[in-house]
Amino acid sequence: MAITELDRRRISSWCEARVPADLRDEILVSASFRGNSAVITERRPPWREDFGPEWSSRRIAKLTVDPAVNTWILYATDRNDRLLNYSRDIGVGVSLVEILAELQADPTAIFWG
């Protein structure tokens with residue numbers, strides 16, 4: 001089962017609010033959706049001309065919902081872009097609101113440094 005349209009809008013709105021409008025030419029935070037998961041990505045413009053015009057991107061987190069019990073799981077990424085079950089290790093994750101609050105607060109500095 002896929003993420004509901006309401007939850008997609010919540011996640012997309014959260015991403016948009018993460019970066020002030022006047023800084024969006026320097027950094028973007030966006031979400032992509034597939035099935036029951038959303039991937040939060042940070043994008044930045046090239047910092048050197050010889051790297052070309054493509055923006056770089058870095059996966060920040062993955063949010064997955066288990067529709068059977070309506071529980072969300074938050075994954076962080078390590079330096080090799082492997083997924084780590086942050087919800088299990090920290091003990092958070094029931095509602096999307098809690099997951100987004102944890103991602104925003106980032107008390108362990110694993111998501112935003």
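User: Does D106 count as buried or exposed?
Analyst: This is a predicted model, in which local features need pLDDT of at least 70 and side-chain atom pairs count only at pLDDT 80 or more, while totals for chains, interfaces and linings use all residues. Residues are numbered from 1 along each chain as its sequence is written, and side-chain values use heavy atoms, with hydrogens and water left out. D106 is found in the segment after α3, where helices (H or I, at least four residues) and strands (E, at least two) are DSSP runs numbered from the N terminus. Relative accessible area under 20% is called buried, over 50% exposed and in between partly exposed (1.4 Å probe, protein chains only), and with 9% relative accessibility D106 therefore counts as buried.

User: What is the phi of D106?
Analyst: Most residues other than glycine have a negative phi. D106 is not a glycine, and yet its phi is positive, at about 45°.

User: Which residue in the hairpin of β4 and β5 takes a positive phi?
Analyst: The hairpin of β4 and β5 has five residues between its strands, and the residue in question is in the loop between them. Its relative accessibility is 38%, so D81 counts as partly exposed. The phi near 65° is a positive value in a residue other than glycine, and that residue is D81.

User: How many bridges join β2 to β3?
Analyst: β2 and β3 run antiparallel. Within this pairing, E42 stands opposite R58 in β3, and the bridge partner of T41 is R59. The number of bridges joining β2 to β3 is eight.

User: Which residue in β4 is the bridge partner of L63?
Analyst: β3 and β4 run antiparallel and are joined by six bridges, and they form a hairpin with four residues between them, where N70 in the turn has a positive phi of about 50°. Along this pairing V65 stands opposite W72 in β4, whereas the bridge partner of L63 is L74.

User: Which residues touch the most other members of the largest nonpolar core?
Analyst: A nonpolar core is a set of buried Ala, Val, Leu, Ile, Met, Phe, Trp, Tyr and Cys residues joined through side-chain atoms within 4.5 Å, and the largest one here has 22 residues. The elements that give two or more residues to this core are α1 (5–18), β2 (37–44), β3 (56–66), β4 (71–77) and α3 (96–105). The members that touch the most others are I11, I40, L63, W72 and F111.

User: At what angle do α1 and α3 pack?
Analyst: Axes are lines fitted to C-alpha atoms, for helices over the stretch in contact, and angles run from 0 to 180 degrees between N-to-C directions. The axes of α1 and α3 are 11 Å apart, and D7, R10, I11, W14 and R18 in α1 meet L96, L100, L103 and Q104 in α3. Angles under 35 degrees count as roughly parallel, over 145 as roughly antiparallel, 65 to 115 as roughly perpendicular and the rest as oblique, and α1 and α3 are therefore roughly parallel to each other. Their packing angle is about 15°.

User: With which residues is D7 in contact, leaving aside its neighbours within four places in sequence?
Analyst: D7 lies in helix α1 and is buried, with a relative accessible area of 11%. Contact means heavy atoms within 4.5 Å, and with its neighbours within four places in sequence left aside, D7 is in contact with W72 and L96.

User: How far apart in space are E26 and W47, C-alpha to C-alpha?
Analyst: E26 lies in the loop between α1 and β1 (28–34) and counts as partly exposed, at 46% relative accessibility. Leaving aside its neighbours within four places in sequence, E26 is in contact with R43, R44, P45 and W55. E26 and W47 are 21 residues apart in sequence, and in space their C-alpha to C-alpha separation is 9.8 Å.

Definitions and conventions
Pairing = 2+ DSSP bridges.
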